[in-house]
Amino acid sequence: MDDAQLAQVESLCETLYTGVSTATSETISREEAQSRLLSLQSSASFIPQCQYILDRSKSQYALLVASNSLTELITTHWNNFTIAQRIDIRNYVLGYLANNGPNLQDFVTLSLIKLVCRITKLGWFDDTTHRELTEDVTKFLQATIDHCILGLKILNQLVDELNIPTSGRTLTQHRKTSVSFRDLCLFKIFQLGLTTLKQLQTRQITANHQQEVILGEQALALTVRCLNFDFIGTNPDESTEDVGTIQAPTNWKSVIQDPGTTDLLLDFYANTEPPRSNKAMEAMILICSVRRSLFPSDKDREIFLGRVMSGIRELLKNQTGLQHQDNYHQFCRLLGRLKANYQLSELVKTEGYLEWLELASSFTTQSIRNWQYSTNSIHYLLALWGRLVAAVPYVRPDTGAKGHVQALETHVLNVVECYIESMLGSVETVLRSEGALEDPLEDDGSLMEQMDRLPTICRFQYRSVTNIIIAKFDPLMDKYRELMGHLMTSSTENAPQNVAQQAAILEGQLAWLTY
């Protein structure tokens with residue numbers, strides 16, 4: 001490739017990504033530009049041309065095409081390269097990132113990072129060089145702030161790359177590489193993420209505000225990715241938010257149990273804004289979901305749970321960060337997850353359990369009253385109460401906090417009554433909003449989530465809940481009969497104003513009670 005051919009490639013790239021052709025001799029379409037550029041991915045012989053573009057071009061779009069083409073060529077023609085060639089390409093890309101990374105556009109940087117991580121994954125068992133990427137990236141973390149950000153991005157992509165199967169490789173190959181990565185590198189990467197957060201918290205990193213924000217986002221994302229790693233090959237469904245038990249390896253227990261870890265995440269949550277704060281809360285959810293057997297003894301697990309419960313109580317007391325929708329949603333997930341991973345017999349023994357129960361009840365009723373802002377989160381709170389009441393028969397009344405069963409009965413009744421009142425009130429609010437608010441009755445997904453959990457909660461106080469529903473249903477039914485009877489016996493002129501709206505409100509309220 002020469003400079004004239006490079007200029008032609010740059011022109012094609014501009015056309016492909018902007019729709020504007022910079023060539024003076026001909027006008028071509030995006031489709032034709034894409035077709036010509038795809039020839040760079042047709043054979044491994046085009047690798048020198050891609051490197052030439054990376055070395056000489058000033059066009060960010062040309063750099064992106066060259067990087068994407070290299071990734072495709074490496075993945076498709078991997079077996080055509082010798083081990084030495086693979087290492088050379090890997091070192092070339094890593095050196096390119098070190099020298100030029102901070103000056104590149106994000107989309108180019110991410111493409112190059114994906115390339116080096118793909119090479120690392122495919123060549124994992126070829127040579128120890130590939131397994132030393134974490135050590136190489138540590139040098140980035142110790143250099144400039146921009147290089148530190150770049151290093152964290154590489155580690156994030158590396159965890160993703162080794163966690164997600166690559167097309168064209170068998171699941172056996174993937175798991176073999178993934179398990180080796182887990183055992184050799186993942187814990188160190190997890191520690192690097194937490195260390196960066198600690199350095200940000202203690203102001204050991206000198207950076208401007210924007211750099212601090214990016215560093216925090218990347219370090220928290222890395223922490224979450226490490227905890228979300230598929231440790232035992234169960235391939236969890238990524239389309240759901242439900243967190244299963246985190247099967248963290250035994251050598252992680254010192255960091256998981258360390259009070260400094262939960263304190264660090266809670267401090268980051270309390271003192272930052274989304275998306276950093278909600279990522280910190282997501283990390284807390286995952287840490288709270290670690291397997292029971294990770295703790296050496298029940299006493300250690302009790303101490304850990306007590307620390308988590310104390311942190312949640314403080315957040316509930318001060319309503320810390322809960323004005324942000326993303327924080328609020330993650331916090332609801334944390335509450336819903338707490339009972340899923342811990343038995344009621346463990347919760348009632350923690351210090352301040354009754355206070356936590358009261359605060360959780362108050363938070364739930366407040367959330368339900370503001371249903372228009374929390375529709376997608378309410379089912380997590382209902383899941384918490386459903387799991388609490390379902391476990392009551394298996395816990396002796398004299399276990400833990402005195403009077404915990406009676407307290408639960410009181411708070412459950414408050415939650416159910418508030419839910420009924422709020423959903424009945426939502427009917428009129430939605431109708432008067434004239435389409436500005438979504439009707440919870442028409443949101444099938446959230447409605448079914450909530451209705452799946454309500455029966456368990458209601459059965460705990462069956463007689464009281466039944467009385468509440470009947471006390472609401474009978475007067476509404478009487479009003480509805482009266483309204484319908486009036487319409488059937490009177491002319492339209494004598495009908496009450498807004499009769500259609502009144503009928504719709506009553507029908508909506510009766511529909512809720514029937515559900």
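Predicted model: local features only at pLDDT ≥ 70, side-chain atom pairs only at ≥ 80, totals over all residues.
Let's start with the overall build. The protein chain has 23 helices and 0 strands. Its C-alpha atoms fill a box of roughly 90 × 70 × 45 Å, taken along the principal axes. There are 515 residues, and 50% of them count as buried. Now the contacts. Take those in the protein chain with a separation of 6 or more: 75% of them come from residues 24 or more positions apart.

Next, charge. The protein chain carries 45 positive side chains and 59 negative ones. The centres of the two sets lie 8 Å apart.

On to empty space. Rolling a probe the size of a water molecule over the atoms shows where such space is left. How many cavities of 30 Å³ or more does a search of the whole structure find? The search finds 1. The largest cavity has a volume of about 50 Å³. Its lining includes Trp371, Met423, Pro440 and Trp512. Which helix gives the most to that lining? It is α21, with 3 residues.

Now the second largest pocket. It holds about 370 Å³ of space. In its lining there are 17 residues, and the closest to the pocket centre are Leu454, Cys458, Ile469, Leu513 and Tyr515. Four helices each supply at least two lining residues: α20 (404-432), α21 (444-460), α22 (462-489) and α23 (499-514).

First stop, proline 274 and proline 275. A cis peptide bond joins them, with omega about 10°. Proline 275 lies in the loop between α12 (259-271) and α13 (276-287).

Second stop, arginine 203. Its phi is near 60°, a positive value in a residue other than glycine. Arginine 203 sits in the loop between α9 (171-201) and α10 (209-227). Is arginine 203 buried or exposed? Its relative accessibility is 57%, so arginine 203 counts as exposed. The cut-off for exposed is over 50%.

Glutamine 319 is in the loop between α14 (298-318) and α15 (325-341).

Terms used
Residues numbered from 1 in each chain as written. Heavy atoms only, no water. Buried < 20%, exposed > 50% of the residue type's maximum accessible area, 1.4 Å probe, protein only. Contact = heavy atoms within 4.5 Å. Lys, Arg positive; Asp, Glu negative; His and termini not counted. Charge placed at Lys NZ, Arg CZ, Asp CG, Glu CD. 1 Å grid on protein atoms, 1.4 Å probe; cavity = no way out; pocket = protein on both sides within 12 Å on 5 of 7 lines; lining within 4 Å. Points joined across faces, edges and corners; volume = space filled by probe spheres on them.
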